[in-house]
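Come and read along, with the viewer open beside you.

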Amino acid sequence: ALANQIKSHVYRTGGLYASGKFDFTRASEPYTAFARAFEVLCEDIMATGEKNKKVGDNRHPSSTSAAFVKVRDAIREAVGSELAVLNEVIPNLSLIVDGDGSSRGDHSKEKAGFSVGGFEGTKNRFQFAMRQFLRAVCSSGCDSTANKPSRPLVLFLDDLQWADAASLDLLRNLLEDRENPNLIVLGSYRDNEVAQSDHPFNKWIRAVEGCSMTDPGAESNKGRVSPTAVNITRIDLGNMNRNAVNELIADLLNSTMELTSTLADIVQSRTHGNGFAVVHFLKSLDEEGILYFCLGTFRWMWDDEEIRARTNVTDNVADLMTHKIQNKLSGEVQAVLRIASCLGSSFESSVLSTIAGDVLNEGDNISFAGAMGKRKVVHCLDSCVNEGLLELDSLSSFSGWSSSSSASTSQHNHGRYRFAHDQIAAAAFDLIS
């Protein structure tokens, strides 16, 4: 949430913003967060040409947007023959460079060499190409009206505790690139999940900061800092204290902190000040009618004793989400959510519909087969969005510009969703018997 607040400021100042998230269900796959982030980045770059196109003009944006041409040419020159390596991770990049994505199907030999099994043979090429790509994007700029020779790119990587070794290696390579000062990296991780000193992420961050040499315990290395050390600023985001919880509740209920003081005491004791848990705890009170808006007084009302009697301490957010899923959602919606949890933090509804069509729970008499089943899946997903469990994702299936773009746009009728919080996905996954 904090990183998303930065997003609007970055755009207002003419910068670029890209975000990706590591997923515990895909921890063995390299570069998943980078793939996600740079697919969105490519869409943003292509949008600079799309927004300048005239109505009815289906040509590639290079014919109408000087800003797009500038970025495209910079990427072509910087990446050159290494485009095939990047296409494996960023398929949309070929839409910028080629205009029709034709290079996606080329270079089969290079693609075969970049499979997970052959990663070591192309790692250096890939890291070099990625550096070149980001240098080109940052140095060329996309806003022709701003008259800026360069623009910052803010890259946000979420859940670094689940990052694979290849991604951490690439991230370090990008952070140590002294020729691209316009790249700003924000990362988040859960410190309780990397508590062990030998956790891969802890080892990585010590190495990046230059705090550990080949033999950190050796006398000759004490006090030494690597010449490529990166300055990292840490911001610890803990749970809210009681006053902060009270301030949040008073703001949400359009009340005063004096009136919400006793409610804040209960919420703090039940949620331990976890921001996500606080909001969903209040939602559950509203759904159960314990917290309600009184039309007679035009104020939110509640009974402290009733809340204490009908609620329990939430040891973790997953418990709260499990209770909501089991008691609030129908059997069909629960089934869809369980299947979705197996697909990762984000997923295409079309993929989920296909998988759900083969799932039949005879005990609950649930079926998602056929066209009717696909409509039922979409309805279930919409219900999850309304409940705050899922969100519509910003990245859609992008087919690019071509002379037949009118036909390809029909493929966009499936949306992409993401879990509103990792603990929601974890709770749904835990319900799989």
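Below are my entries, going from the whole chain to single residues.

**Entry 1: the overall count**

I noted at the outset that this is a predicted model. I looked up the secondary structure and found 19 helices and 10 strands in the chain. I then checked burial: 45% of the 433 residues are buried. For the contacts, I took pairs of residues at least 6 apart in sequence, and 66% of those contacts join residues at least 24 apart.

**Entry 2: the nonpolar cores**

Which residues have the most contacts inside the largest nonpolar core? I found Phe-34, Phe-38, Ile-75, Leu-93, Met-130 and Phe-133, in a core of 53 residues. Helix α2, residues 32–50, supplies the largest share of this core with 9 residues. Another core lies apart from it and has 30 residues, including Phe-276, Leu-381, Cys-384 and Ala-427. I jotted a reminder beside this: nonpolar side chains in soluble globular proteins tend to be buried together.

Setting aside residues up to four places away in sequence, Leu-93 touches Cys-42, Ile-75, Leu-83, Leu-86, Asn-87 and Phe-133.

**Entry 3: the parallel sheet**

I moved to the strands next. An open sheet of 3 strands has the order β1-β2-β3, with parallel pairing. From one strand to the next, the twist averages 15°.

I went through the pairings in turn. Strands β1 and β2 are joined in the parallel sense over 6 bridges, and Tyr-17 stands opposite Val-154 in β2. Strand β2 (residues 153–158) also runs parallel to strand β3 (residues 183–187), with 5 bridges between them. On that side, Val-154 stands opposite Ile-184 in β3. To get from β2 to β3, the chain passes through helix α8 (residues 165–175), and this β-α-β crossover is right-handed.

**Entry 4: a helix pair and a hairpin**

At what angle do α11 and α12 pack? I read about 115° for helix α11 (residues 261–271) against helix α12 (residues 275–287), and their axes are 10 Å apart. The crossing of α11 and α12 is right-handed. I listed who meets whom: Leu-263, Val-267, Arg-270 and Thr-271 in α11 meet Ala-277, Val-278, Phe-281, Leu-282 and Leu-285 in α12.

I then looked at the hairpin of β4 and β5. Strand β4 (residues 291–294) and strand β5 (residues 299–302) run antiparallel and are joined by 4 bridges. Cys-294 stands opposite Arg-299 in β5. There are 4 residues between the strands, and Phe-298 takes a positive phi near 55°.

Is His-280 buried or exposed? Its relative accessible area is 5%, which is under the 20% cut-off, so His-280 is buried. His-280 is found in helix α12. Leaving out neighbours within four places in sequence, its contacts are Leu-320, Met-321, Lys-324, Glu-387 and Gly-388.

In α15 (residues 331–341), 9 of the 11 residues are buried, so the helix is largely enclosed by the rest of the structure.

**Entry 5: the antiparallel sheet**

My last stop was the open sheet of 3 strands in the order β6-β10-β9, where the pairing is antiparallel. Strands β6 (346–348) and β9 (390–392) stand at the edges with a single partner strand each, so one side of each is left without a neighbour in the sheet. Here the twist averages 30° from one strand to the next. Strand β6 and strand β10 (residues 416–419) are antiparallel and joined by 3 bridges, and the bridge partner of Ser-346 in β10 is Arg-418.

Definitions and conventions
Residues are numbered from 1 along each chain as its sequence is written. This is a predicted model: local features need pLDDT of at least 70, side-chain atom pairs count only at pLDDT 80 or more; totals for chains, interfaces and linings use all residues. Side-chain values use heavy atoms; hydrogens and water are left out. A nonpolar core is a set of buried Ala, Val, Leu, Ile, Met, Phe, Trp, Tyr and Cys residues joined through side-chain atoms within 4.5 Å. Buried means under 20% relative accessible area, exposed over 50%, partly exposed in between (1.4 Å probe, protein chains only). Helices (H or I, at least four residues) and strands (E, at least two) are DSSP runs, numbered from the N terminus. Contact means heavy atoms within 4.5 Å. Two strands pair if DSSP finds at least two bridges between them. A crossover is right-handed if, with the strands pointing away from the viewer, the path from the first strand over the helix to the second runs clockwise. Axes are lines fitted to C-alpha atoms, for helices over the stretch in contact, and angles run from 0 to 180 degrees between N-to-C directions. A crossing is left-handed if the near helix is turned anticlockwise from the far one by less than a right angle, and right-handed if clockwise.
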